Amino acid sequence: MNLSYLSLRKLVLSAIGVCSLSIPFMQSAQANPYKQVGHYCKDYESVFVAAETDNFYVSICGGHSPYHYVGVSKKTGKAIRLPLNVDGVDSRGQYFEAVNGKYTYILANSTKGKNLTVSRGYRELLREPVVNGW
């Protein structure tokens, strides 16, 4: 009986030691480095991406797959909603593109990081890194 009590005690102390070691790892794994970013998708749409740059909020919205790019200016509150030309399916959610006349809006995760890029023809007008979300 004495041997089983010692074995049980060692087992309990071992379990407590393992659990106490895993607590810091559990907390850091659950910590979210990004704050929650609101989206501008319609109530009936799925949200594929909700991202924020210094000057814009960007949402990629759709149904069973991405269909729309929504960009909202933080400064003016003006929004643009465009159908996606490139829906991110082939890039596994790493590249989305929408075109409005001569303007192209790209939300991409590339070797340069996650960025929102707006261009007119071949001229890049804006490139801002994603600071939250996605």
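Me: How many disulfides does the chain have?
Reply: Good place to start! This is a predicted model, where local features need pLDDT of at least 70, side-chain atom pairs count only at pLDDT 80 or more, and totals for chains, interfaces and linings use all residues. Residues are numbered from 1 along each chain as its sequence is written, and side-chain values use heavy atoms, leaving out hydrogens and water. A disulfide here is a pair of cysteine sulfur atoms within 2.5 Å, and the count comes to one.

Me: Which residues form the disulfide, and how far apart are their sulfur atoms?
Reply: The partners are Cys41 and Cys61. Cys41 lies in the loop between helix H1 (2-30) and strand S1 (46-52), while Cys61 belongs to strand S2 (residues 56-62), so the link ties together parts 20 residues apart in sequence. Helices (H or I, at least four residues) and strands (E, at least two) are DSSP runs, numbered from the N terminus. Between the sulfur atoms of Cys41 and Cys61 the distance is 1.9 Å.

Me: Is Cys61 buried or exposed?
Reply: Buried means under 20% relative accessible area, exposed over 50%, and partly exposed in between (1.4 Å probe, protein chains only). Cys61 has a relative accessible area of 0%.

Me: What is the order of the elements from the N terminus on?
Reply: The chain's secondary structure comes to one helix and nine strands. Read from the N terminus, the elements run α-β-β-β-β-β-β-β-β-β.
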